[in-house]
Amino acid sequence: MTTPVAVVTGAASGIGAAVTEELTARAWLVAGLDRVAANGCDLALQVDVSDPAAMVRALNEVATELGPVRAAVSVAGHYDVVPISDITAAQWQDMLRVHLGGLVNLVRATLPHLLEQGDRSFVAVASELAVGGGDGEAHYTAAKGAVLGLVRSLAVEYAPDGIRVNAVAPGPTDTPLLAPDSPWREPAYLETLPTRALASPGEVARCITWLITDATFCVGETLHPNSGAVI
């Protein structure tokens, strides 16, 4: 039996790095795609997920170097807080280009490889803000909401081919995306959470890994590892 291969975008830090660690511990080979070098991967490629041609080249290199791709995880993204009246056209476009466009590019580059395999899986990282909304986060929330819509459509389209498409929508997670002075880190906010703590990257990564390795019955679903922020 060949060793399964996964592709993880945004693998250099945070949730992406934790997914790489989880899958590696389960004897997967992992190709980490990021704009900076990702450590701990079997193959690290520096690529901009918003560049369709670059993503196709990257996936072809993964298949050549590691073997057939069995799973893909879209984590790459960025976050900032800006009132809607102050969001520039460039900021709107950049959020959609990276979050939604990055997922589209990963899917389109990976599909030719996944269609050749057996049990296959996509997982996209969205956000609990796509469900509950957020103050000063309209561009980020809109992009993540679009990710959830795309996941549902892809799930319907590719279920007949044996490809499972699912999402996770984490709440505030203890990653570098949250600045040290982020309001999500304030004790007053943490006290509103049933768990009284932010989710860790490892906790979110275990949800993602479960969807890939064990949840063969999940198609078009969204898990919400959000510390009870949205119930």
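Predicted model: local features only at pLDDT ≥ 70, side-chain atom pairs only at ≥ 80, totals over all residues.
Two strands count as paired if DSSP finds at least two bridges between them.

**Entry: strand 1 and its neighbours**

I looked up what stands opposite Val8, and found Gly32 in strand 2. Strand 2 covers residues 29-34, and 5 bridges join strand 1 to strand 2, the two running parallel. I then checked strand 4, residues 69-74: it also runs parallel to strand 1, joined by 4 bridges. There I noted Ala71 as the bridge partner of Ala6.

Next I asked myself: is strand 1 enclosed or open? I went through residues 5-9 and found 5 of the 5 buried, so strand 1 is largely enclosed by the rest of the structure. I sorted the side chains by direction as well. Val5, Val7 and Thr9 point one way, Ala6 and Val8 point the other way, and all are buried.

**Entry: from strand 1 through helix 1**

I followed the chain onward into helix 1, residues 14-25. Strand 1, helix 1 and strand 2 together make a right-handed β-α-β unit.

Then I looked at how helix 1 sits against helix 7, which spans residues 201-213. Their axes come within 8 Å and cross at roughly 55°. I recorded the crossing as right-handed.

Which residues meet there? On the helix 1 side I listed Gly14, Ile15, Ala18, Val19, Glu22 and Leu23. On the helix 7 side I listed Pro201, Gly202, Val204, Ala205, Arg206, Ile208, Thr209 and Ile212.

**Entry: Ser74**

I went back to strand 4 for Ser74, which is found there. Is Ser74 buried or exposed? Its relative accessibility is 7%, so Ser74 counts as buried, the cut-off for buried being under 20%. Leaving out residues up to four places away in sequence, I found that Ser74 touches Thr9, Leu103, Leu106, Val123, Ala124 and Val125.

**Entry: Asp135**

My last stop was a loop. Asp135 is found between helix 4 (129-132) and helix 5 (138-158). Asp135 has a relative accessible area of 75%, so I put this residue down as exposed. I also looked up a distance: the C-alpha atoms of Asp135 and Val81 are separated by 8.1 Å, although the two residues are 54 apart along the chain.

Definitions and conventions:
Residues numbered from 1 in each chain as written. Heavy atoms only, no water. Buried < 20%, exposed > 50% of the residue type's maximum accessible area, 1.4 Å probe, protein only. Right-handed = clockwise from strand over helix to strand, strands pointing away. Axes fitted to C-alpha atoms, helices over the stretch in contact; angles between N-to-C directions. Left-handed = near helix turned anticlockwise from the far one by under 90°. Contact = heavy atoms within 4.5 Å.
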